[in-house]
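Good morning, and thank you for coming.

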Amino acid sequence: MGRTADAIAEGVAIATAAVRLTVKNQILVGTIARGGTFEIEHYMDVARTALLSMAQESEDAAELLTRLRKRARGRHSDPHGTHDYRDRDVRNLRRRAKQSVGVADHLRKMTEDPDALRTLVEDARAAAWADVRGNLDRRLRVEGMRPDQDPDYDTMRDARMQALKLVDLQALSSQQRARKKREKAAEKEAAKEAAKTSSRSERSNRRDARTVNS
């Protein structure tokens, strides 16, 4: 990969990580703090909105860099500050603007890719579960703590139940849907093969009948 491509890939990775964090926090708030259920389509919309916001930021950055580049062209005096660019900076500013545009284009393409959005949400859900599990592990390290001795027992019990719904039950449901989808696809494929076999058999029978009659 070239220098520009590497910079775009790095920018996309940083933006995607920020979006994943946004989605993770939304999952934690929506499913645990507010007692809601995990609906992947809803969080795919959250991811899409966050990606569009990050893309817009990259496009705004590209526009700013373009203005700075035009202002810097033909100026050869000593700069008076970090962002007081000169003609020698024009090439670098052009490259940075191109990189920002590349990041924005990639992020916008992700918003139109259901598989990419789903993967992003699943990664965010796994991160949310890791946070919940870490908090529960820390709570469970309190030795000899009985429910009546723990003032936060009820709150943590709710969190454990929400975590179960968030990960275990949702994952099981997702696996069941995936299995049913595979089974339906296999049934359709089997039906197609059966139809093809039946069609070939009928054609063969007709040829045999013509041969006998002749």
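Let me begin with a definition: helices (H or I, at least four residues) and strands (E, at least two) are DSSP runs, numbered from the N terminus. Read along the sequence, this chain follows the pattern α-α-α-α-α. That comes to five helices and zero strands.

Two remarks on the source are needed. This is a predicted model, in which local features need pLDDT of at least 70 and side-chain atom pairs count only at pLDDT 80 or more, while totals for chains, interfaces and linings use all residues. Residues are numbered from 1 along each chain as its sequence is written, and side-chain values use heavy atoms, with hydrogens and water left out.

Now to the chain as a whole. A residue is called buried under 20% relative accessible area, exposed over 50%, and partly exposed in between (1.4 Å probe, protein chains only). Of the 214 residues of the chain, 27% count as buried. Contact means heavy atoms within 4.5 Å. Of the contacts in the chain with a separation of 6 or more, 70% are between residues 24 or more positions apart.

Where do we find salt bridges? The term denotes a side-chain nitrogen of Lys or Arg within 4 Å of a carboxyl oxygen of Asp or Glu. A search of the whole structure finds four salt bridges, and I shall present three of them.

One joins aspartate 131 to lysine 24, with the closest N and O atoms 2.8 Å apart. This pair links distant parts of the chain, since aspartate 131 is in helix H4 (residues 114-140) and lysine 24 in helix H1, 107 residues apart. Lysine 24 is buried, at 13% relative accessible area, whereas aspartate 131 is partly exposed, at 32%.

Another is formed by arginine 108 and glutamate 59, whose closest N and O atoms are 2.8 Å apart. Arginine 108 lies in helix H3 and glutamate 59 in helix H2, so the pair ties together parts that are 49 residues apart in sequence. Both residues are partly exposed: arginine 108 has a relative accessible area of 28%, and glutamate 59 has 22%.

There is also a bridge within one helix. Aspartate 45 and arginine 48 have their closest N and O atoms 2.6 Å apart. Both lie in helix H2 (residues 40-72), three residues apart, about one turn of the helix. Aspartate 45 is partly exposed at 42%, as is arginine 48 at 27%.

Which charged residue is buried yet has no salt bridge? It is arginine 95, whose nearest side chain of opposite charge, aspartate 89, is 9.2 Å away. Arginine 95 is placed in helix H3 (residues 90-111). Leaving aside residues up to four places away in sequence, arginine 95 touches Arg3 and Thr4.

Arginine 3 itself lies in helix H1 (residues 3-33) and is exposed, with a relative accessible area of 61%.

Finally, let us consider glycine 102, which is placed in helix H3. Glycine 102 is buried, with a relative accessible area of 16%. Alanine 5 is found in helix H1 and counts as partly exposed, at 32%. The C-alpha atoms of glycine 102 and alanine 62, 40 residues apart along the chain, are separated by 9.6 Å.

Definitions and conventions:
Lys, Arg positive; Asp, Glu negative; His and termini not counted.
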